[in-house]
Amino acid sequence: MDQNPGVSADLEREKTIGTFPLLSAERTWSGWDFTWVNTALAIATWAFLVGGSTALLVGFADGIAAMLIGNAIGLCFMVLASVPASQRYGSEQYTLLRGAFGIVGVGAIVFTIILITEMGWSSLLAVMAGRATSQVVGAAAGTELDQYGPLVTVGALAAIAIAWFVLSRGPVTIGRLNKYVAPGLAVVTVLMMIVLVSATSWDSLASAGPLAPFDDDTLNFMVAVEFNVGVGVSWYPVMGSLARMTKHRKAALWPAYGGLLVATLIAQAVGLAAALTIGDSDPTVWMVPLGGPVLGAAILVFIGFANITSMSSIVYSTVLALRQSSGRLFARIPWKYLTAAFFVLPAIMAFFPQFMYEQFMTFVLFSGAFLTSICGVALADYFVLRRQSLDLRELHLAGRGSLYAFSGGVNWAGIAAVVVGAAFYLWLYNPITLETLPAFSVITATLPAAVVAAAFYLIAFRLLYRGRPTLPSNTQETP
């Protein structure tokens, strides 16, 4: 029995807020379950929008290459930075980051970078569901409605309400829904590709030029690659927390990488081809003209619902992170109220749908600069500094322990590394001003930024915390 009442209270609080490690018996997702979850995440209207946005810069062949290279790179280090540790230890990924950033430092990252990023994605998914609703109603009425009209806002708000209802039922309900949604999405995507191929020729598709390229062809391709790397990295805030629900390691790692990569590439390829053929990067615009008023509308309805399941998965992981990073602030607030509070800003953004669309690429690239750096620090901390050995008790004690306690609750080496990595990214490529250095056309910005953040973290940690132990006393102990 623990003789320190303060320590016992800390551990009880961790159990109360729902971030204590899951036991093997509590993990409910098989490899197929997790594959369906990731497939449903990947194939939503946002994936088609990514393909359409890539068409702004490059043609079909270069677009396929940029999407393959970008997603393969981004997903690779995103998955390694989030999935192995969370699955092995059954812990929510932000708890496992306490060694890299400190308990207060993790809170600072969650309530800034992670919260803004996931609210942005949730807002975009809701608006796209609203746009799909507007297009379906317009097709049924035989008229063309305003792309940013009131019906878009109404549809977005309805999507948020349904997503909250699903989310309030917990991760098991999300997993069950995705068993049906994900296979349907795969069928719908293949069907869309068949319709697209039958409506045009490969020659015309291959010869179609990009919609709004820069003057430099090399820059166009590298920005397209960078954009898709950023899309791959954007899964980081949610993937580790979802992976802890899997039953074993093989059920987590390969479904996370393969499920996202294959499903994303298929959906993005359809979006790319449709945008080049029809001349519009927005899937809610071209789906009805492509598939016809009946088939196109049916596809939009189904994919609009997939946006809802995607929102549910995103918000589930994010609210868990907010709860565990808030100390006692959110500990006693019921889950349904916390999740409802998260949707307040996306609901407000539903009244400004045009803003979400116009800033989509900038949002992905700018948020990617910071998420990339966090991934770099997470990789360096878990695989190099900690050698994949963590002490769960010490992690959940945080500031009251010894291994992961820092003055003021902040590991300044980790925080500084994120800032340095993001600054290096924005130095190579600024997605707001579109200024680039010549090196960007050779090495892009994401992978170098992750390497810089990781190297800076390891050096700064050794300088700031010299002599500090990084491994549990018994490194052979398995969780």
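**Helix packing up close**

Reply: The chain has 22 helices and 0 strands. Keep in mind that this is a predicted model. Of its 479 residues, 59% count as buried. Among contacts between residues at least 6 apart in sequence, 86% join residues at least 24 apart.

Now for the pair. Helix 7 (residues 103–141) packs with helix 14 (residues 283–325) at an angle of about 160 degrees, and their axes are 8 Å apart. Angles over 145 degrees count as roughly antiparallel, so that's what helix 7 and helix 14 are to each other. Their crossing is left-handed. As for what sits in the contact of helix 7 with helix 14, the residues divide into 25 nonpolar, 10 polar and 2 charged.

Helix 7 also turns up elsewhere: along with helix 6 (98–101), helix 11 (217–233), helix 18 (360–385), helix 21 (440–443) and helix 22 (446–464), it is included in what covers the buried residues of helix 20. Those buried residues are Ala 413, Gly 414, Ile 415, Ala 417, Val 418, Gly 421, Ala 422, Tyr 425 and Leu 428. Helix 20 itself (residues 412–428) has 17 residues and reaches 24 Å from its first C-alpha to its last, close to the 24 Å expected at 1.5 Å a residue.

Among the buried residues of helix 8 are Val 152, Thr 153, Gly 155, Ala 156 and Ile 160.

Key: Residues numbered from 1 in each chain as written. Predicted model: local features only at pLDDT ≥ 70, side-chain atom pairs only at ≥ 80, totals over all residues. Heavy atoms only, no water. Axes fitted to C-alpha atoms, helices over the stretch in contact; angles between N-to-C directions. Helix = DSSP H or I, 4+ residues; strand = E, 2+ residues; numbered from the N terminus. Parallel < 35°, antiparallel > 145°, perpendicular 65-115°, else oblique. Left-handed = near helix turned anticlockwise from the far one by under 90°. Nonpolar A, V, L, I, M, F, W, Y, C, P; charged D, E, K, R; others polar. Buried < 20%, exposed > 50% of the residue type's maximum accessible area, 1.4 Å probe, protein only. Expected span 1.5 Å × (residues − 1). Contact = heavy atoms within 4.5 Å.
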